[in-house]
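Here is a short briefing to read alongside the structure. Take a look at the model first, then follow the topics below.

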Amino acid sequence: MERKRQFKNLLPWLILVILALVPLFERNPYLLHMMIMVLIWICLGQSWNLLGGFTGQVSFGHATFYGVGAYSAGLLYFHKEISTWYGMILGPIMAMAFAVPIGLICFRLRGAYFALALLALAEVLRLVATNWISFTNGSVGILIVPVVSKISYYYIALALAAVSFYVIYRVIHSKWGFYFIAIREDQDAAESMGINTTRYKLISLLISAFFTGLAGAFYMNYMAFIDPHVVFSLVDVSIMMILVVMLGGAGTFYGPAIGAVIMIVLSEVFRAYFGHANLLILGMLIIFIIVFIPDGVIEIRRFLKRKKYA
Amino acid sequence: MLEVKNLTKYFGGLGAVRKLSFKVEKGDIFGLIGPNGAGKTTVFNLINGFYHPTSGEILFKGKPISGFKPNVICRMGIARTFQVVKPLSRMTVLENVMASAFCRVDSLNIAKEEALKTLEFCSLIHRKDYLAKSLTIGDRKRLEITRALATRPELILLDETAAGLNPTELDQAIALIKKIRDQGITILIVEHIMKVIMSISDRIHAINYGQTIAEGTPQEVANNKGVIEAYLGEAYA
């Protein structure tokens, strides 16, 4: 029992070391690209999960923060020729700045308002970024020249995923984490236990927006190209984040990471093998998983066990 | 400790609580009784801040508290339990109580210590690692009380904590309530089970249709004509 727990505590560090060693043996750019995308999505999954999975505030519009992060970096270069790397500082701050008013307005209310308000905001920002051509360069997007090697990007992405993992782990295992989960479980009970539910929902949103914005800014640096339809996308960002978390296991700590690996790898593999039918097949697989393992892939062991005794 | 003055609450045209006044002294167990729909839980929701009064005043330790949000009122020192229990289902019993203990402390370890102590006090320690949703109704009611106590209140509002309990659990609940009073915590209790309310209350306030019908010692209230007509039935006369 004690051994098992020790192993469990060591496992994340072990995985981190293995991931850090990968580029020493594997320099296939395509594979590295896949791994970078998975790492970005681990960060995004963690961010969404903190707010949606642990605090119970489902967001249908996290593309807001992703896009704002990415455009913060891109516009720095576009207007002032400042390196997009400074966007990794500005991006998360801007994402939080967008989160504050939404949180202050919507978190006083209950129900679907927050989810819908963010969904609307992401769409509005996508349209603004498309049509305000003098400021954002519209649909043409923003193009930069990448400056560092793929391996450097890999390590930055790894740091991004690791830091978001670590910070969110610490948050969940603190007073804040207890408060977030209490709010998810019963808002009235939480309120009467002395928890300022509006404030703690806002804190959760800010942390979530911070890391989503950070990932967005990194995406700008890495892909060297963004346009409104990519970073403010409802399907490819907002919904994808929900799928990553739901598939892996919402409200669990490792679920989003597992979800990210599955979603990114599968969508890539399916695109290669099934051609135009790839979304159809992926959709069917998602339905299959949600029907049979509703608590996420992380609970697959429990799922198999139950099957055996049934 | 707690003073309610001309408290009135209208939901649209319905007067759920009308010009209600009473005073709870420090260290007392104060019972609030009345038939279903008399407005007892509404009174709790008004004191605890879920509702704001249409008119009237609520004073806690001499200061007006109506208009504050529930979390502020909890921090002032008024904790409550819910008639329809609200366990934090997917947390363990210990985690439930810890989340409450964070009301007064910030450190994880101190909160855990406090929570364990409170669980011990309420004899729920043997369930500490159970998920709250797996508890029996008796234990859920007890968890409500434990959680309320973990916020270190000066006044605790108990909303029908004895309802649905079997005779053994009932005696345990009475013992626990007395134990809480012995800690110096003032108790305001809503209860339908006469065995409980009559045996533990120092004073009882009876209401019907949101209005006072009687107040006094349990004996006085039990013999009051209005109370018997509205609520108790002949047997208690």
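The contact between the two chains in this predicted model takes 16 residues from chain A and 21 residues from chain B. On the side of chain B that touches chain A, the elements giving two or more residues are α2 (70-76) and α3 (93-101) of chain B. That side of chain B divides into nine nonpolar, seven charged and five polar residues.

**Domains and core**

- Chain A is divided into domain 1 (47-232) and domain 2 (254-310), and 25 Å separate the centres of these domains, taken over C-alpha atoms.
- The largest nonpolar core has 161 residues, and those with the most contacts inside it include A:Leu39, A:Ile40, A:Trp41 and, from chain B, B:Ile187.
- Helix α2 (residues 29-54) of chain A gives the most to this core, with 14 residues.
- Both domain 1 (47-232) and domain 2 (254-310) of chain A supply at least three residues each to this core.
- Leaving aside residues up to four places away in sequence, A:Ile40 touches A:Ala157, A:Ala215, A:Phe218 and A:Tyr219.

**A helix pair in chain A**

- Helix α3 (residues 63-80) and helix α5 (residues 113-131) of chain A have axes that come within 8 Å and cross at roughly 30 degrees.
- On the α3(A) side the contact is made by A:Ala63, A:Thr64, A:Gly67 and A:Tyr71, and α5(A) answers with A:Leu118, A:Leu121, A:Ala122, A:Leu125 and A:Ala129.
- By class, this contact of α3(A) with α5(A) has seven nonpolar and two polar residues, with no charged residues.

**The four-stranded sheet of chain B**

- Four strands of chain B form an open sheet in the order β2-β1-β4-β5, with antiparallel pairing.
- Because β2 (14-24) and β5 (63-64) of chain B stand at the edges with a single partner strand each, one side of each is left without a neighbour in the sheet.
- Helix α1 (residues 40-48) of chain B packs on this sheet, touching β1, β2 and β4 of chain B, and its direction makes about 70 degrees with that of β2(B).
- Strand β1 (residues 2-11) of chain B is joined to strand β4 (residues 55-60) of chain B by five bridges, and B:Glu3 stands opposite B:Leu59 in β4(B).

**The six-stranded sheet of chain B**

- An open sheet of six strands in chain B has mixed pairing and the order β6-β7-β8-β3-β9-β10.
- Its edges are held by β6 (78-80) and β10 (211-216) of chain B, each with a single partner strand, so one side of each has no neighbour in the sheet.
- Neighbouring strands of this sheet are turned by 20 degrees against each other on average, direction ignored.
- In strand β8 (residues 186-190) of chain B, five of five residues are buried: B:Thr186, B:Leu188 and B:Val190 point one way, and B:Ile187 and B:Ile189 the other way.
- β8(B) pairs in the parallel sense with strand β7 (residues 155-159) of chain B over five bridges, where B:Ile156 has B:Ile187 as its bridge partner.
- Strand β3 (residues 29-33) of chain B also runs parallel to β8(B), joined by four bridges, and B:Gly31 stands opposite B:Ile189.
- Helix α6 (residues 167-182) of chain B lies across β3, β7 and β8 of chain B, running at about 150 degrees to β8(B).
- α1(B) lies across β3, β6, β7, β8 and β9 of chain B, at about 150 degrees to β7(B).

Methods. Residues are numbered from 1 along each chain as its sequence is written. Chains are lettered from A and ligands numbered from 1 in the order in which they are written. This is a predicted model: local features need pLDDT of at least 70, side-chain atom pairs count only at pLDDT 80 or more; totals for chains, interfaces and linings use all residues. A nonpolar core is a set of buried Ala, Val, Leu, Ile, Met, Phe, Trp, Tyr and Cys residues joined through C-beta atoms within 7 Å. A residue is buried if 20 or more other C-beta atoms lie within 10 Å of its own, exposed if 12 or fewer, and partly exposed in between; C-beta atoms are placed from the backbone. Domain bounds come from an automatic or database domain assignment. Two residues are in contact if their C-beta atoms, placed from the backbone, lie within 7 Å. Ala, Val, Leu, Ile, Met, Phe, Trp, Tyr, Cys and Pro count as nonpolar, Asp, Glu, Lys and Arg as charged, and the others, Gly among them, as polar. Two strands pair if DSSP finds at least two bridges between them. Axes are lines fitted to C-alpha atoms, for helices over the stretch in contact, and angles run from 0 to 180 degrees between N-to-C directions.
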